[in-house]
Amino acid sequence: MQSKKITLIVNIILLIAGFVCIAVGCFKLITNEVALATTGLGAGLVFLFSATIERFESLKGMSLEVTTRKLDDKIHEASEVVKELKQLAEISGHTLSLLAARVGRWGGAFTFEESYRLAQQVRDNLTSLKCEKNTVAHALKPWVTIVIADLGRKLLRPVTEELNALEHQLRRELDKIPSPIKADDPVYIELTQKISALSGHLHPGCDVSLLDSDKTMAAIEQYVSTAPELETAAKLKHLDNVKQWSSEVDFLLKQSDIKNPSLWIEALKNR
């Protein structure tokens, strides 16, 4: 505040001096004193120019270009970039530190909540640096991929558990057939066919880590729909659970962000 007052006073003094010099210069010009008139007018213009320098975007003269407001803007912009780069460095350093501390140790993987918080920091930082949306999405793609894969495994777990239980039940029934077993025994044939179908469906099963992220949900639905020996009611229950997540996954794929964080945190806290 004090600095602004001083600047204002100096500008007023320069302005008055400028008008005085111009007045003297004009008087000397009338009296045909050209040398003094030129000096007075020149000095007056310099004083006026100095008093109003802050109102000029740039000053040009004698091959010298002085930029004031543009220079200030560039300095401010540069300082903001440095600030954002510092934040990015802090995020990178923290992440590398966590990786170094956890790799090769029990429970080393990031929890979903940790990875989500890190993804948010990266997104905010890249956005503030005015990175293109495609660039931000590319940077977050590995995180999006692993999150969808984790969700896929979570959705498939109860399905595979139910199918494994059905296979074990069929094998127990097969073991109950009295020996010697005839190859043309219809019960034996039916049980072996069912077991073979179940085993073929369970192994290799639906490996979400091998799928493209945008095809994961459709692949899971297909896996559940075609599961042999699974009753219709059970299929509908599992399919309904999968479809409830479809909008969440679509949002994640399009925005590289989570629509309902609390829902995901709860679902993936015990991956």
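Mentor: Start with the largest pocket, which has a volume of about 180 Å³. This is a predicted model: local features need pLDDT of at least 70, side-chain atom pairs count only at pLDDT 80 or more, and totals for chains, interfaces and linings use all residues. Residues are numbered from 1 along each chain as its sequence is written, and side-chain values use heavy atoms, with hydrogens and water left out.

Trainee: What makes a set of points a pocket, and what does its volume stand for?

Mentor: A 1 Å grid is laid over the protein atoms alone, and a pocket is an open set of points with protein on both sides within 12 Å along at least five of seven lines. Points are joined across faces, edges and corners, and the volume is the space filled by probe spheres set on them.

Trainee: Which residues line the largest pocket?

Mentor: Eleven residues line the largest pocket, and Ser115, Leu118, Ala119, Pro142 and Trp143 lie nearest its centre. Helix 4 (112-128) and helix 5 (133-175) are the elements that give two or more residues to this lining. Helix 5 has the largest share, five residues. A lining residue has an atom within 4 Å of a point.

Trainee: How are helices and strands assigned?

Mentor: They are DSSP runs, numbered from the N terminus: helices are H or I with at least four residues, strands are E with at least two. The protein comes to ten helices and two strands. Their order from the N terminus is α-α-β-β-α-α-α-α-α-α-α-α.

Trainee: Why is glutamate 167 called buried?

Mentor: Buried means under 20% relative accessible area, exposed means over 50%, and partly exposed lies in between (1.4 Å probe, protein chains only). Glutamate 167 has a relative accessible area of 6%, so it counts as buried. Buried residues make up 27% of the 271 residues in the protein.

Trainee: What does glutamate 167 touch?

Mentor: Contact means heavy atoms within 4.5 Å. Leaving out residues up to four places away in sequence, glutamate 167 touches Ile195, Leu198, Ser199 and Leu202.

Trainee: What makes glutamate 167 and arginine 171 a salt bridge?

Mentor: The rule asks for a side-chain nitrogen of Lys or Arg within 4 Å of a carboxyl oxygen of Asp or Glu. Here the N to O distance is 3.1 Å, so the pair qualifies. Both residues lie in helix 5, four residues apart, about one turn of the helix. Arginine 171 is at 37% relative accessibility, so it counts as partly exposed.

Trainee: Which parts does the bridge between arginine 123 and aspartate 257 tie together?

Mentor: Their closest N and O atoms are 3.6 Å apart. Arginine 123 lies in helix 4, and aspartate 257 lies in the loop between helix 9 (246-255) and helix 10 (261-268), so the pair ties together parts that are 134 residues apart in sequence. Both residues are buried.

Trainee: How many salt bridges does the whole structure have?

Mentor: The search finds seven. Glu190, Lys194 and Glu229 are linked in a network of salt bridges.

Trainee: Why is threonine 160 called partly exposed?

Mentor: Threonine 160 is at 24% relative accessibility, so it gets that label. It lies in helix 5. Beyond four places in sequence, threonine 160 touches Leu202 and Tyr223.

Trainee: Why is histidine 238 called buried?

Mentor: Histidine 238 is at 6% relative accessibility, so it counts as buried. It lies in helix 8 (residues 232-244). Neighbours within four places aside, its contacts are Pro158, Val159, Glu162, Val224 and Leu230.

Trainee: What makes Ile12, Ile16, Val20 and Val24 a nonpolar patch?

Mentor: Patch residues have over 30% relative accessible area and no salt bridge; nonpolar side chains (Val, Leu, Ile, Met, Phe, Trp, Tyr) are joined within 5 Å, like charges within 9 Å. Valine 20, one of the four, has 46% and is partly exposed, so it passes the area cut-off. Valine 20 is in helix 1 (residues 2-30). Together the four have about 340 Å² of accessible area, by the Shrake-Rupley method with a 1.4 Å probe, where for residues only the protein chains shown count as cover.

Definitions and conventions:
1 Å grid on protein atoms, 1.4 Å probe; cavity = no way out; pocket = protein on both sides within 12 Å on 5 of 7 lines; lining within 4 Å.
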